[in-house]
Amino acid sequence: MDIKSFMPEEVECYEALRQIRWPDGVRCVKCGSDRVVKTGKWRNTPNQRYHCKDCDAWFNDKSGTVFESSRTELRYWFFIAFLMQFKVSVLEISRTLNMRYATVFELVKKLRQSVYARAMVERLKGEVEIDEVYIKAGLKGRKKMKRGGRKRGLKARGRGTYDSDKVPVVAMVERGGKIRIRPHRNIRTKEIIL
């Protein structure tokens with residue numbers, strides 16, 4: 001499979017993006033109003049521009065998404081996201097698309113960050129198991145070296161906090177599904193529940 005057989009036209013990608021992003025009609029990315037008018041295409045591309053009548057904001061199809069301010073064609077973004085589902089390596093994707101490895105790596109990184117950020121916002125449901133571990137910044141060096149390890153300050157004993165150089169990392173597992181792993185500044189109930 002190559003990019004031409006996957007999605008040959010850029011117009012198709014923008015139509016798909018609009019259907020996914022605004023199934024009930026275009027809404028302003030700033031205020032959420034539906035009083036939006038089309039104002040032409042963005043720089044001779046299929047990227048539609050919009051103007052909000054309520055907050056006077058100007059935006060386009062890619063505004064507020066991971067694709068915003070990217071000059072890479074949308075069909076490349078979609079093809080990379082498609083290949084990522086099958087755990088295809090960045091090197092293989094760059095060879096398939098005939099693009100620089102560094103460019104593909106940045107696109108993959110942005111896609112992963114956006115997916116991770118969206119997943120972190122969703123709340124866990126049902127039975128949730130939780131545990132914490134304290135990561136100590138502690139000694140530096142290897143055991144095989146002849147010299148002793150370099151020491152780092154703030155060696156407070158007991159339950160750790162971010163400020164005491166023992167960062168608490170909380171892992172939450174929803175039974176039968178999602179996992180959340182986050183470093184916390186401190187282990188307090190109100191911080192973990194949020």
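## Basis

In this predicted model, local features need pLDDT of at least 70 and side-chain atom pairs count only at pLDDT 80 or more, while totals for chains, interfaces and linings use all residues. Residues are numbered from 1 along each chain as its sequence is written, and side-chain values use heavy atoms, with hydrogens and water left out.

## Fold and surface

The protein chain has six helices and six strands. Helices (H or I, at least four residues) and strands (E, at least two) are DSSP runs, numbered from the N terminus. Their order along the sequence is α-α-β-β-β-α-α-α-β-β-β-α.

Of the 194 residues, 29% are buried. Buried means under 20% relative accessible area, exposed means over 50%, and partly exposed lies in between (1.4 Å probe, protein chains only). The chain exposes about 14,100 Å², with carbon and sulfur atoms supplying 52% of it. These areas come from the Shrake-Rupley method with a 1.4 Å probe; for residues, only the protein chains shown count as cover.

Contact means heavy atoms within 4.5 Å. Among contacts with a separation of 6 or more, 48% are between residues 24 or more positions apart.

## Helix 3

Helix 3 spans residues 74–84. Eight of its 11 residues are buried, so the helix is largely enclosed by the rest of the structure. The buried residues are Leu74, Arg75, Tyr76, Trp77, Phe78, Phe79, Ile80 and Leu83.

Arg75 has a relative accessible area of 14%. Leaving aside neighbours within four places in sequence, Arg75 is in contact with Ile3, Met7, Pro8, Glu10 and Cys13.

## Second largest pocket

This pocket holds about 380 Å³ of space. Its lining has 15 residues; Trp42, Asn47, Lys62, Ser70 and Arg71 lie nearest the centre. The lining divides into two nonpolar, seven polar and six charged residues. Ala, Val, Leu, Ile, Met, Phe, Trp, Tyr, Cys and Pro count as nonpolar; Asp, Glu, Lys and Arg count as charged; the others, Gly among them, count as polar.

A pocket is an open set of points on a 1 Å grid over the protein atoms alone, where a 1.4 Å probe fits, with protein on both sides within 12 Å along at least five of seven lines; lining residues have an atom within 4 Å of a point. Grid points are joined across faces, edges and corners, and a volume is the space filled by probe spheres set on the points.

## Cysteines

The model has zero disulfides. A disulfide is a pair of cysteine sulfur atoms within 2.5 Å. The sulfur of Cys52 is 3.7 Å from the closest cysteine sulfur, in Cys31, too far for a bond. Cys52 is buried, at 0% relative accessibility.

Asp56 sits in the loop between strand 2 (48–52) and strand 3 (58–60), and is exposed at 53%. Ser69 lies in the loop between strand 3 and helix 3, and is exposed at 76%.

Ala102 belongs to helix 5 (residues 101–121) and is partly exposed at 35%. Its C-alpha is 9.2 Å from that of Val90, 12 residues apart in sequence. Arg123 lies in the loop between helix 5 and strand 4 (128–136), and is exposed at 59%. Arg123 and Lys178 are 55 residues apart in sequence, with 9.6 Å between their C-alpha atoms.
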